[in-house]
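Subject: Structure handover

Hello,

Here is the structure I said I would pass on. Please open it beside this message, and my notes follow below.

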Amino acid sequence: MWMRVWEGVWEGHRGKTLGVLAGSALGLIYLFFGLWRMLIFALIVYTGYYIGKKMDRGEPVFPAEDTWRWLMDKWRLFR
């Protein structure tokens, strides 16, 4: 019975479920270690998620060419 309920919730509300799980985990970290350590932990987790998302899509992890072009466009204003 619980598996059907879980499958229904997972299929219908996947994003909300993941959000609640992530919020609960971050809340527990906040309670045990404090705000700043929780924020550092969340930043590290987000960085890992971002790199993993880029690798799953087959994109380069750090778009060096686009970043170089953006920097050159920004510095061109001072010449």
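The notes go from the overall fold to a helix contact, then to a group of tyrosines and one lysine.

Please keep in mind that this is a predicted model.

Overall fold

The protein has four helices and zero strands. Read from the N terminus, the order of elements is α-α-α-α. The radius of gyration is 20 Å, while the globule rule gives 12 Å for 79 residues, so the protein is more spread out than a compact globule. Along the principal axes, the C-alpha trace spans about 70 × 35 × 20 Å. Buried residues account for 5% of the 79 residues.

Helices H1 and H2

Helix H1 covers residues 2-12 and helix H2 covers residues 14-33. The two pack at an angle of about 105°, and their axes are 5 Å apart. Angles from 65 to 115 degrees count as roughly perpendicular, so H1 is roughly perpendicular to H2. On the H1 side, the residues in the contact are Trp6, Val9, Trp10, Glu11 and Gly12. On the H2 side they meet Arg14, Thr17 and Leu18. Sorted by class, this contact of H1 with H2 holds four nonpolar, two polar and two charged residues.

Tyrosines in H3

How many aromatic pairs are there? The count comes to three. One of them joins Tyr46 and Tyr49, with 6.3 Å from centre to centre and 40° between the planes. Planes under 30 degrees apart would count as stacked and over 60 as edge-to-face, so this pair is tilted. Where do Tyr46 and Tyr49 sit relative to each other in the helix? Both are in helix H3, which covers residues 35-57, and because they are three residues apart there, about one helical turn separates them. Are these two side by side in a buried or an exposed setting? Tyr46 and Tyr49 are both exposed. Together with Tyr50, they form one aromatic cluster.

Lys54

Helix H3 also contains Lys54. Is Lys54 buried or exposed? Its relative accessible area is 17%, and buried means under 20%, so Lys54 counts as buried. Leaving out residues up to four places away in sequence, Lys54 touches Glu59, Pro60 and Val61.

Regards

Definitions and conventions:
Residues numbered from 1 in each chain as written. Predicted model: local features only at pLDDT ≥ 70, side-chain atom pairs only at ≥ 80, totals over all residues. Heavy atoms only, no water. Phe/Tyr/Trp six-rings, centres within 6.5 Å; stacked < 30°, edge-to-face > 60°. Buried < 20%, exposed > 50% of the residue type's maximum accessible area, 1.4 Å probe, protein only. Axes fitted to C-alpha atoms, helices over the stretch in contact; angles between N-to-C directions. Parallel < 35°, antiparallel > 145°, perpendicular 65-115°, else oblique. Contact = heavy atoms within 4.5 Å. Nonpolar A, V, L, I, M, F, W, Y, C, P; charged D, E, K, R; others polar. Rg over C-alpha atoms; globule rule 2.2 N^0.38 Å.
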